[in-house]
Amino acid sequence: MRPLEAHIDLDALRHNYQLACRCAPQSHSVAVIKADAYGHGAVACAKALESQVPAFAVACIEEAMTLRKAGISKPIVLLEGIFSVDELTLVDAQGFWIAVHSQWQVDALLAATPRQPIPVWLKVDSGMHRLGFSPNEAADIWRQLLAAPNVTALHLMSHFATADAQDNHYFSQQMAQLQALARDLKAPLSLANSPATLAYPVAHGDWNRPGVMLYGSDPLEMANEISQQLKPVMTLCSEIIALRQLDEGEPVGYSGRWRAPRPSRIAVVACGYGDGYDRHARDGTPVLVNGQRCAIAGKVSMDMLTIDVTDIPDATLGSEVVLWGSSRNGAVLSVDEVAQHCDTISYTLLTGVLPRAPRRYHGGSA
């Protein structure tokens, strides 16, 4: 078998969820498992967490139905709400909770006759300028929904644009708007994403929405004492499948971007952009070989990448290569560090790992 695998540590997932809960002990923490649990496998992650979480959150009804068909019975929040009026029938039948961010959704909900009232999170645009109503609009719609017999468990919901940043001026502006609106309406809140959960207790409302932190990625621009306790959930690992000895000046890979600065030993690894590894990884992007750091040398190919193992004499055919995550000897390479070398963020690396890299689950229910 091709040696590339994505190992998923469900114990680490549960640890990270409990860390989110300890950050905000007075809040409920919904586990965000959209985009196939950020590439980790939504069904397996939901089963691993179901006994601990009060609710899950996904982007859309298709993702929610995947969980229901797998036997997940906990409440599921549809973060983007419904995409058509017809979906309300399924929302009612399956007991989903919905975000409401557009007038047509409000109209559809008010006109509906569900068997039971539908829990609703009203989306407020406090500065992200993506989805939701302005604070003034939201106040009027809140009162309409509050009076509707087919709506229950009404909450105000918003999303922070800069909670990950050290400069929190814009975050403070968003927070002030939301606090004023909540006071006026006496409304419960769902505000905190992963960075706000980790760094801003003021944003801890009735419901928090930890997402990427559940998978061990630190979303903060500058790590804090709490985020440093996160454990990586995915280890993307492979093996060395070939070795080459190059003279000084010899090129490696497409376009010869990397040239050996000295007599060099180059290893070929079974992993490429056809598996979801970022093609934009620069020369020098770190990897672990037998737990020791070395670096990518040359452009990533579809099925392979090349690394400089000149300073790792014990590197041989079959040696373990960790692209990110934890090596067998306990060394850790953060997906966040790899993302920086690819000029991207951990979210794109994790969600980009393709099915050709099979998931192997460890640590209990999957």
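Which residues line the largest cavity? In this predicted model, in which residues are numbered from 1 along each chain as its sequence is written, local features need pLDDT of at least 70 and side-chain atom pairs count only at pLDDT 80 or more, whereas totals for chains, interfaces and linings use all residues. Side-chain values use heavy atoms, with hydrogens and water left out.

The structure holds one cavity of 30 Å³ or more, a cavity being a set of points on a 1 Å grid over the protein atoms alone where a 1.4 Å probe fits but cannot get out. The largest cavity contains about 40 Å³ of space and is lined (an atom within 4 Å of a point) by K123, V124, D125, S126, G127, M128, R130, L131, S158 and H159. By class, this lining comprises three nonpolar, four polar and three charged residues, with Gly counted as polar.

Following α4 is G71, with a positive phi near 95°.

S27, located in the loop between α1 (10-23) and β2 (28-29), is buried, with a relative accessible area of 15%. A polar atom of the S27 side chain lies 2.6 Å from the backbone oxygen of G205. Leaving aside neighbours within four places in sequence, S27 is in contact (heavy atoms within 4.5 Å) with H204, G205, D206 and N208.

Notes
Helices (H or I, at least four residues) and strands (E, at least two) are DSSP runs, numbered from the N terminus. On a 1 Å grid over the protein atoms alone, a cavity is a set of points where a 1.4 Å probe fits but cannot get out, and a pocket is an open set with protein on both sides within 12 Å along at least five of seven lines; lining residues have an atom within 4 Å of a point. Grid points are joined across faces, edges and corners, and a volume is the space filled by probe spheres set on the points. Buried means under 20% relative accessible area, exposed over 50%, partly exposed in between (1.4 Å probe, protein chains only). A polar contact is a pair of N or O atoms within 3.5 Å; within protein, one must be able to donate a hydrogen and the other to accept it, and residues adjacent in sequence count only if both atoms are side-chain atoms.
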